[in-house]
Amino acid sequence: MRSKVVNIIFIFAVAVGIADAYLRLDNESELREAQAALFNTNSESGWLLLNYVSDSTVHFAAGGEGGPDDVVPHLEADQIQYVLIRVGGIQEEGTSKTTYRDVFIAWIGPSVGIIEKGKKTAFLGDAQNMLQPFHASITALNSDKINKENIIDRSNPLSGSQVIE
């Protein structure tokens with residue numbers, strides 16, 4: 001019985017075009033060029049931003065050498081956007097060594113509708129693959145609380161929550 005239900009769901013998904021849906025990037029060469037320039041062994045900070053330009057296509061929209069304060073003005077209340085950010089100056093436990101952490105952030109603006117959230121959540125893995133490699137993945141819901149301290153805290157593997165709210 002279970003396989004019959006799975007087959008019916010798959011047939012429905014194919015019929016409505018969900019099964020073969022994947023996220024597209026319309027300017028990959030620009031993204032890779034910026035990623036190589038901003039996320040190399042000599043950099044302690046940097047960020048990249050992907051914006052949706054259609055239901056299943058994102059565009060590398062912006063990037064820079066700064067930190068969270070430089071990203072936040074680009075986040076839109078009515079959009080889902082993806083950020084790769086490098087935060088530096090992280091003190092390694094038990095040593096005097098400082099390091100950096102690359103963090104994937106899924107921004108979900110407060111004005112994004114529930115249906116839009118559902119549709120684009122299916123593309124989260126594709127967006128993460130586009131911005132690999134990174135050390136941690138978090139979700140941000142409140143731009144006022146996106147700062148270096150919260151990114152470091154929420155991206156810590158021992159953090160109780162990977163959400164900035």
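Biologist: Is Tyr82 buried or exposed in this structure?

Modeller: In this predicted model, Tyr82 is buried, as its relative accessible area is 2%.

Biologist: What is the relative accessibility of Phe104?

Modeller: The value for Phe104 is 0%, and this residue therefore counts as buried as well, since the limit is under 20%.

Biologist: How many aromatic pairs are there?

Modeller: The count comes to 3 aromatic pairs. One of them is formed by Tyr82 and Phe104; their rings are stacked, with 5.8 Å from centre to centre and 25° between the planes.

Biologist: Why does that pair tie together parts that are apart in sequence?

Modeller: Tyr82 belongs to strand E4 (residues 80-91), whereas Phe104 belongs to strand E5 (residues 98-108), so the pair joins parts 22 residues apart in sequence.

Biologist: And which residues do the ring pairs link into a cluster?

Modeller: The cluster consists of Tyr52, Tyr82, Phe104 and Phe134.

Biologist: Turning to charges, which ring does the charged end of Arg86 sit over?

Modeller: It is the ring of Tyr100, with the charged end of Arg86 placed 3.7 Å from the ring centre. Likewise, the charged end of Arg24 sits over the ring of Tyr22, at 4.5 Å from its centre.

Biologist: How many helices and strands does the protein chain have?

Modeller: There are 6 helices and 7 strands. Along the sequence, they follow the pattern α-β-α-β-β-α-β-β-α-α-β-α-β.

Biologist: What share of the residues is buried?

Modeller: Of the 165 residues in the protein chain, 38% are buried. The chain exposes about 9,600 Å², of which carbon and sulfur atoms supply 53%.

Key. Residues are numbered from 1 along each chain as its sequence is written. This is a predicted model: local features need pLDDT of at least 70, side-chain atom pairs count only at pLDDT 80 or more; totals for chains, interfaces and linings use all residues. Side-chain values use heavy atoms; hydrogens and water are left out. Rings of Phe, Tyr and Trp (its six-membered ring) pair if their centres lie within 6.5 Å; planes under 30 degrees apart count as stacked, over 60 as edge-to-face and the rest as tilted. Helices (H or I, at least four residues) and strands (E, at least two) are DSSP runs, numbered from the N terminus. Buried means under 20% relative accessible area, exposed over 50%, partly exposed in between (1.4 Å probe, protein chains only). A charge sits over a ring if NZ of Lys or CZ of Arg is within 6 Å of the ring centre and within 35 degrees of the ring normal. Accessible areas come from the Shrake-Rupley method with a 1.4 Å probe; for residues, only the protein chains shown count as cover.
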